[in-house]
Amino acid sequence: MRQLILGLVLAGFATGAAHGQSATPGGMPPPTGMSLAQSAAMRFPQPVRVGDLLHRLVLRPVEAQTILGRVHAVVRDTQGEILIVISYGGFMGFGGRPIAVPADAMALLGEDLEVVAFTPRQLTAFPSFTGHGTTVIPDDTTIKMGLAKPSH
Amino acid sequence: MAERRRRLHPWPVRLMHWINAGVMLVMITSGWGIYDDDVIIHGLHFSGFWRLGSWAAPSLNWHFAGMWVFGLNGLAYLTYGVATGRLRERLLPIRLRDVVDTVRDTLRFKIAHEDLTVYNAVQKLLYIVAILAGVSQVVTGLAIWKPVQFAPLVGLLGGFQSARVLHFTGMAVIVGFLIVHTLLALLVPKTIGAMVLGGPVLKPATRPETGE
Amino acid sequence: MTPSPFRPKDAPGPEVLETHRPLIRSLERRGLLRHGLSLGALVMLTGCDVKQPEAVESALLAVSRFNDRVQAWLFDPNRLAPTYPASRILRPPKFNAYYDITQVKPVDGQSWRLEVSGLVSDRHPWTLAQLQALPQYSMVIKHICVEGWSYIGGWSGVPLKTFLERVGADTRAKYVAFKTADDYPSSIDMATALHPQTMLALDYGGDPLADPFGFPLRLRMATKLGYKNPKWVTAIEVTNTYSGGYWESRGFSWFAGI
């Protein structure tokens, strides 16, 4: 009898989270066929100081706000494109390996950032960032990034 | 002159207990609904099954309706407990030695509860923690509800976000208590009967200080 | 629901939901509706929670209205919200709306006018330049969203009290109501309208409001939740008629005081 009760209680706690997007989407991915630059331009890019981006949490655009990683650095590649280097994976934003995500694939969400153009599965396939061919952008530089609203 | 027979759980206690049980579940589950709109622990999210109110508005409305019942019932319980001496009789004193002994016995599943009228040390501790957690939820809840009007209180709690975290933590403590409390009650069903019907008659002039 | 030329501007009334409730429940049971998506869409249309009986919902809304009276009683018109150093201003601030960022419709500051109506003596519309010429006030305060998040922001603009005095508003009236370019009506109690930290904000962090944050004018209060502060304000009315607001129609508190 006791085991049954204990079993039922434990079973009752096995639950799946509902991560579905709702009627008021937050960080929606760009429509297929649209370039990252075009989709970022639709998000009313706002000036942000590079130094203010460092150490920010990087979140999945879902209501559970799962942590993908933390901002480690902001760099420019040889084409002039701005990349956000994230320590990806790990636990609660600590640990993980560095990957470089285009700033146009991300959005500002208050004091955090979101990756809106790539799924976690796609991010896992990103090569580890070596720094080769990139220059670190100084902290006091202002760049522009698109916005997102909270996901529900 | 006939002596008044005091039962373990007088009817006001029973009534307030079950009201509290119901409204606590309302506060917790509607709270989980409110929490979902801006999670405190990233990745922790309560699915539709667990939340009261399928989105923010009903969850908030349940929470702000339930708060009156929870607060007033809780206040009545504490007032009754102090005025009748019940809280002191039931929950004090607690000796560390007794706590250690009881924890050891419980882990060995020696939880047979022959005399319901005497609370063991772990029971007393858990009930005190539950009461304090309930009070904490009211205090932190008021801070979150009125962070400008009660700004000094928010300051004491370390700021608005800190008050939120404390409110969440209090909930976790209460949920932990509820799980243990409910499990143990189910394992010793006499206790549930006692909280419905009143339980055993207390011996006259019970002296908790003499132990047992 | 995100606004679209393919959807009617006026949502169906709640009676539609009631009529179709058994159908909706049946679809849900058969797993034909994805939980979050469908309920979200339905409740956003009508404000109803499909999962609870209407009697329960009415009772909860009645308590909410009672709570509004308690909140009004708790509101101290002389208490200022805490302020913070300008170094803590979040730049840019956090964006939120009832639609996605890509749906924001910027307002042309040149052709924009602030309409004034109701219990006032001067009903002439205001240009942005005329508002900028009025006495300005700055504050760095905490924005608190009903969702639970907050941030520190810096706004400057015309104190609403100053503006109301300029237009000869009857400050014994109960409400000040706002209309916006994004169909997001809001209304507040007169006591809050007259609070020193209630302003018609023109700037954020020392610069004019950016497009997504309400350019050229938004309401900014320090004593109410974020959703009570409409962006892209186009009209102000001083009135004794309750007009609610966008989120109030969907079950949220009207007083929404912090």
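Student: Among contacts in chain A between residues at least 6 apart in sequence, what share joins residues at least 24 apart?

Tutor: Let's start with the word: two residues are in contact if their C-beta atoms, placed from the backbone, lie within 7 Å. This is a predicted model, where local features need pLDDT of at least 70, side-chain atom pairs count only at pLDDT 80 or more, and totals for chains, interfaces and linings use all residues. Residues are numbered from 1 along each chain as its sequence is written, while chains are lettered from A and ligands numbered from 1 in the order in which they are written. Of those contacts in chain A, the share joining residues at least 24 apart is 62%.

Student: What percentage of chain A counts as buried?

Tutor: Buried residues have 20 or more other C-beta atoms within 10 Å of their own, exposed ones 12 or fewer, and partly exposed ones fall in between, with C-beta atoms placed from the backbone. Of the 152 residues in chain A, the buried part is 42%.

Student: Which element of chain C gives the most to the side that touches chain B?

Tutor: The contact draws 21 residues from chain B and 32 from chain C. On the chain C side, α2 (35–46), α3 (54–74) and β2 (137–144) each supply at least two residues. With six residues, the element giving the most is α3(C).

Student: Why do α4(B) and α5(B) count as roughly perpendicular?

Tutor: Axes are lines fitted to C-alpha atoms, for helices over the stretch in contact, and angles run from 0 to 180 degrees between N-to-C directions. Angles under 35 degrees count as roughly parallel, over 145 as roughly antiparallel, 65 to 115 as roughly perpendicular and the rest as oblique. Helix α4 (residues 96–107) and helix α5 (residues 121–145) of chain B have axes 7 Å apart and pack at about 105 degrees. That is why α4(B) and α5(B) are roughly perpendicular.

Student: Which helix gives the most to the side of domain 1 of chain B that touches domain 2 of chain B?

Tutor: An automatic or database domain assignment sets the bounds: domain 1 of chain B is 10–38 + 59–90, and domain 2 is 123–197. Nine residues of domain 1 of chain B are in contact with nine of domain 2 of chain B. On the domain 1 side, α1 (11–36) and α2 (56–83) of chain B each supply at least two residues. The helix giving the most, with six residues, is α1(B).

Key:
Helices (H or I, at least four residues) and strands (E, at least two) are DSSP runs, numbered from the N terminus.
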